[in-house]
Amino acid sequence: MKRVIAAVLLLGVAVVVSVWTNYVFESKMNGLASMLDIIIDCTETADDHELIEKTEKLVAQWHELSGILHSLVMHEGMDDVEENITALPHILEHSDREEFRNKCIEAINQIENLLNSEKLKLENIL
């Protein structure tokens, strides 16, 4: 009987940890996607200084979150998102705003793909 109770408790802990990590992952990635949306809007209306400031804030946010995000998801897609986000300041400095905007859109698409592939759904678990 003790083994059954221990097994049920361990299963409960595993489910709670899975749900918690999924929540943390989704909230952090959605926050990054929101920041990218704001930056995309700024490419059309803001001056260079404001766009550089928002981009630096996004990259700093990425560096702050990347450790936990990489520990929650072992996925090549995280490396792709990291490449795109960390390349944004360089692209902004050496290219036009359209290329910068396209790189932001690519990063958002990669984030959405990761969110879809990591959702707690039966098809993703199996």
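1. The bend at a residue is the angle between axes fitted to the seven residues ending there and the seven starting there. In this predicted model, local features require pLDDT of at least 70 and side-chain atom pairs count only at pLDDT 80 or more, while totals for chains, interfaces and linings use all residues. Residues are numbered from 1 along each chain as its sequence is written, and side-chain values use heavy atoms, with hydrogens and water left out.

2. Helix α2 bends by about 45° at Leu-65. Helices here are DSSP runs (H or I, at least four residues), numbered from the N terminus. Helix α2 covers residues 48–72, which is 25 residues, and it reaches 35 Å from its first C-alpha to its last. That span is close to the 36 Å expected at 1.5 Å a residue, where the expected span is 1.5 Å times one less than the number of residues.

3. Which residues of α2 are buried? They are Leu-51, Thr-55, Leu-58, Val-59, Trp-62, Leu-65, Ser-66 and Leu-69. Buried means under 20% relative accessible area, exposed means over 50%, and partly exposed lies in between (1.4 Å probe, protein chains only).

4. The buried residues of α3 are Gly-77, Met-78, Val-81, Asn-84, Ile-85, Leu-88, Ile-91 and Leu-92.

5. The next points concern helix packing. Two packed helices are described by the angle between their axes and the distance between the axes. The axes are lines fitted to C-alpha atoms, for helices over the stretch in contact, and angles run from 0 to 180 degrees between N-to-C directions.

6. Helix α1 (residues 2–45) packs with helix α4 (residues 97–118) at an angle of about 160°, the axes being 10 Å apart. The two are therefore roughly antiparallel, a term for angles over 145 degrees. By class, their contact has 16 nonpolar, three polar and six charged residues. Ala, Val, Leu, Ile, Met, Phe, Trp, Tyr, Cys and Pro count as nonpolar, Asp, Glu, Lys and Arg as charged, and the others, Gly among them, as polar. The crossing of α1 and α4 is left-handed, meaning that the near helix is turned anticlockwise from the far one by less than a right angle.

7. How do the other pairs pack? Helices α1 and α2 pack at about 165°, with axes 10 Å apart, and are therefore roughly antiparallel. Their crossing is left-handed. The axes of α3 and α4 come within 9 Å and cross at roughly 160°, which makes α3 roughly antiparallel to α4. The crossing of α3 and α4 is likewise left-handed.

8. Glu-26 is found in α1 and is partly exposed, with a relative accessible area of 25%. Glu-26 and Glu-118 are 92 residues apart in sequence and 8.8 Å apart in space, C-alpha to C-alpha. Ser-117 lies in α4 and counts as partly exposed at 30% relative accessibility; its C-alpha is separated by 9.8 Å from that of His-75, 42 residues away along the chain. Asn-102 is also placed in α4, and its 39% relative accessibility makes it partly exposed.

Conventions
Angles under 35 degrees count as roughly parallel, over 145 as roughly antiparallel, 65 to 115 as roughly perpendicular and the rest as oblique.
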